Amino acid sequence: MSAPLVLTLSCADRPGITARVTSFLFERGGNILEAQQFNDRSSDAFFMRVELDPGDTPRETIRAEFATLAGELEMDWKLALRDRPRRVLIMVSRFDHCLADLLYRWRIGEMPMEPIAIVSNHPREAIGHTHLGDIPFHHLPITGETKREQEARVRSIADECGAELVVLARYMQILSDEQAAHFAGRCINIHHSFLPGFKGAKPYHQAYERGVKMIGASAHYVTTDLDEGPIIHQDVESIGHADTPDELVRKGRDIESRVLAEAVRLHLEERVLLNGQRTVVFKG
C-alpha cells in the first residue's frame, strides 16, 4: 500500500459533490479508507475529509488533476500525507503542564508531530520540571517596550524552522493583532472556562470563592479577538463543595492538558476545517 493521503475540502453546497469526489478517486485507482462529510444548512456550505490509499497514482498527479475539479466547484482544499509528522513550535511561560503532556505524548508515538522549537518568555530553568531533551529552546523575554521586537523574533524562528503549527501551551502573553494575523489558522491556544467567567490572577481561587460547580477548558485557534477564536475542543469536570482551591488548580491542570492535546491531535490529523467563526471537526 502506498503512503496514505488525506484530502480535505470545503465549498458551497450543491448536489453530487460526494459522488464526484469519490468517482474521481476511484477512477485513479484510489481506495477510500475513511470518509466523513458535513452539510451546513445554515450557511449552505459543504465540508469533507477523505483518507485514501492512492494505489499506483503519484500524489502530485492526483493533486494536479484534482485542481481542475476543485476549480470548477470553487473549493478550498488540501491534499496531504496522512502519516507525516507536522512541524510544531511550542510556546510556554512558567506553567509547563501542557508542554510536558504534549512532549510525553510525542515521545510515546501518540502525537504525530515533530517539535522543532520551544519558545518561552522565561529562562529554561524556570520550566525545569519538563524534560526538553535536545529540542532547541529560545528564551525571548518580553516587556511592553520590546513586544514588537520579540514577536518579530518569534515569527523569524517559526519561518526558519518551517513551523506548520504554533501551540500556545499556557503561554501567558497576549499576542498582538499582527502576530495573530500572521499565524491565522495555524496557532492553537488553551484557556480555562468558567461560568461565571473569572479573569486576571488566580482564576481557580476566584472560582472557589464563588462556589463554582463546574470547571472546564477550551482550545481554539488564535484570532485578533482575545480567547474568542474558532473552538476546536472543550471539556468540563464537576467540582464539589469540599474541593479546595489547590484541588481546583490540580483538576484545572489536568483538563487543560488533555483538552489542548486533543485539539492539537485533531489539527495535526487534518480533522479540523474552519467554518467562519466555527469549526467542523471530523472526529476519529
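A: Arginine 170 has its place in the loop between strand E8 (165-168) and helix H5, where helices (H or I, at least four residues) and strands (E, at least two) are DSSP runs numbered from the N terminus. The model is a predicted one, in which local features need pLDDT of at least 70 and side-chain atom pairs count only at pLDDT 80 or more, while totals for chains, interfaces and linings use all residues. Residues are numbered from 1 along each chain as its sequence is written, and side-chain values use heavy atoms, with hydrogens and water left out.

The backbone of arginine 170 has a phi near 65 degrees, a positive value in a residue other than glycine. As background, most residues other than glycine have a negative phi, and most peptide bonds are trans. Arginine 170 is buried, because its relative accessible area is 12%; buried means under 20% relative accessible area, exposed means over 50%, and partly exposed lies in between (1.4 Å probe, protein chains only).

Glutamate 270, in the loop between helix H7 (245-268) and strand E12, has a phi near 60 degrees, a positive value in a residue other than glycine, and with a relative accessible area of 10% glutamate 270 is buried. Strand E12 (residues 272-275) holds valine 272, which is buried at a relative accessible area of 15%; the C-alpha atoms of valine 272 and phenylalanine 282, ten residues apart along the chain, are separated by 6.5 Å.

Glutamate 178 counts as partly exposed at 39% relative accessibility, whereas arginine 155, at 14%, is buried. Salt bridges that share partners also join Glu34, Arg49, Glu51, Arg82, Asp83, Glu262, Arg265, Glu269 and Arg271 into one network.

A search of the whole structure finds 29 salt bridges. One of these is formed by arginine 28 and glutamate 65, whose closest N and O atoms are 2.5 Å apart. Arginine 28 lies in the loop between helix H1 (17-27) and strand E2 (31-40) and glutamate 65 in helix H2 (residues 59-72), so this pair ties together parts that are 37 residues apart in sequence. Both ends are partly exposed, arginine 28 at 25% and glutamate 65 at 35%. Aspartate 40 forms another salt bridge, with arginine 278, the closest N and O atoms being 2.9 Å apart. Aspartate 40 is buried, with 5% relative accessible area, while arginine 278 is partly exposed at 45%.

An unreviewed UniProt entry gives "domain: ACT" for residues 6-84; UniProt positions are given in the numbering used here, feature names are shortened, and annotations may be inferred rather than shown by experiment. Over residues 6-84 the chain is 32% helix and 41% strand, with the end C-alpha atoms 11 Å apart. For "active site", the unreviewed entry lists Asp227. Aspartate 227 sits in the loop between strand E10 (214-221) and strand E11 (231-238), and with a relative accessible area of 34% aspartate 227 is partly exposed.

Terms used
A salt bridge is a side-chain nitrogen of Lys or Arg within 4 Å of a carboxyl oxygen of Asp or Glu.
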